[in-house]
Amino acid sequence: MAPMASEDPATARTSPAAPGSTGEVGGFLGQPRGLANLFSVELWERFSFYGMQGIVLLYMYFEVTQGGLGIDRTVAAGIVGAYGGSVYLFSILGGWVADRLLGAERTMFASAVLIMLGHVALAVVPGVVGLGIGLVLVAIGSGGLKATITNLVGALYTADDPRRDAGFSIFYMGINIGGLLGPLLTGLVQESWGFHLGFGLAAVGMAIGLVQYSLARRHLPHPTRRVPDPLPREQYGRYGAIAGGAVVVVAVAALTGLLNPGNLSDVVVVATAVAAVVLFAILLTSAKVTGDEHSRVVSFIPMFIGSVAFWALFQQQFTVITIYSETRLDRDLSLPLVGDWTMPIPWVQSFNPFFIIVLAPIVAALWTRLGRRQPTTPVKFSLGVMLMGAAFLVFLPMAGTTAVPVLWIALIMLVATCGELLLSPVGLSLSTKLAPTAYPVLMVSLFYLSVALGTALSGSLASFYDEDNEVTYFGTLGAVTIGVGLVLLVLAPRITRAMRGIR
């Protein structure tokens, strides 16, 4: 049976586990049974998330006569970057709620409900009001779900279980099955019946995920319902006042024009950078963090920076690459048995999850086969960052081409996906392994904070993109990112030593 709630969380994560909880043999593809439930709910959540994200930029900058809102294209791209960054920024809030109020499992369930309501708002509330309500709800809910579901996956394994990285890679494949199907289906629905029905399909997907999770949630390890560091009731008022004050500050900034759609992504960049510094300071100064745990947190700093560089480029598939796909890509195809056909713009966003689905099992099998002989995490990180930079350099031969072949953008996303497989699932796994016992979810939030900062930067960087400066834009960003990866590779041995036994 699962460890009792009264046990120390570290013991619950590292001691041999009973069947049905952490570390049992068999179950789902040779992994613990609980992985199947988490795999499924994340699949549907990603279906709704990427399905919505595949059409939301187009919804913002398409003309009103096309069913859109007519927002300036550069401003719309900045909003998408800010929204994407805030999703990961809100993972801090989700992590705090999980660690101090509800526990990881209950926080994840509540977050999924918010996500569904956000998609419903986008589907049924017209205009900018529906856009604002929907994006805020989805951002808050997705942030809470991201931080907690990763912790739940980590809770299925002991800390030294060699299946751990493979399990995260399988979980990551579930993410990308949803990411593949979402843009394909919402893109078709949007083209045939309009944006709001596309958003409605995303809401239906999240509802399916909620129902199936509700039926199987009782089988997750009991410690996932435990609150690791409960907030004393006498402090509820203080934190409630802080939350209320934050809402007032944002409202006043918006009403006075200090916060506006044009600078939203830059504001999120600054807020995320400040949040990262604060969170690192909390972990590094806490008396609850041991000496070894302190060293592990320090070791995460250079990998945090490398992760930011990676995601600043990778997340441009939702900003610059979406615009590139509409204006530069030859989407008119002639297919056997179909004839002449124009590929929907959102379908470009399905290349990445398709490659993940094909390659993730291979990578998972490779890490399992290599076992202790596989490269260390810092080496994987550095190679992933360099591949992402190389993907941007692949844009250069097509600069000035009138109509870029669809297969060329597929090649770019293939290179980027190879980098992602070396960095993202491994980063998720690492954040659970390096986490101090007192802050198991906040450490995961730090990894997502690197994604937040990179994603917000993708929106800010989009303002510099123009068809006439593609060589400068893609060449500079690609070269700088490769340089970051090389520095990380040189530092890899020192980082590994600082991880104190964690690979």
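The largest pocket here holds about 2,200 Å³ of space. Keep in mind that this is a predicted model, where local features need pLDDT of at least 70, side-chain atom pairs count only at pLDDT 80 or more, and totals for chains, interfaces and linings use all residues. Residues are numbered from 1 along each chain as its sequence is written, and side-chain values use heavy atoms, with hydrogens and water left out.

**The pocket**
- A pocket is an open set of points on a 1 Å grid over the protein atoms alone, where a 1.4 Å probe fits, with protein on both sides within 12 Å along at least five of seven lines; lining residues have an atom within 4 Å of a point.
- Its lining has 48 residues, and Ser86, Leu89, Phe90, Ala246 and Val250 lie nearest the centre.
- The lining splits into 41 nonpolar, 3 polar and 4 charged residues.

**Salt bridges**
- There are 2 salt bridges in the structure (a side-chain nitrogen of Lys or Arg within 4 Å of a carboxyl oxygen of Asp or Glu).
- One pairs Arg46 with Glu45, with their closest N and O atoms 2.6 Å apart.
- Both Arg46 and Glu45 are buried (buried means under 20% relative accessible area, exposed over 50%, partly exposed in between, with a 1.4 Å probe and protein chains only).
- Glu470 and Arg328 make a salt bridge too, at 2.8 Å from N to O.

**The surface**
- Val270 is exposed, at 52% relative accessible area.

Note on methods. Grid points are joined across faces, edges and corners, and a volume is the space filled by probe spheres set on the points. Ala, Val, Leu, Ile, Met, Phe, Trp, Tyr, Cys and Pro count as nonpolar, Asp, Glu, Lys and Arg as charged, and the others, Gly among them, as polar.
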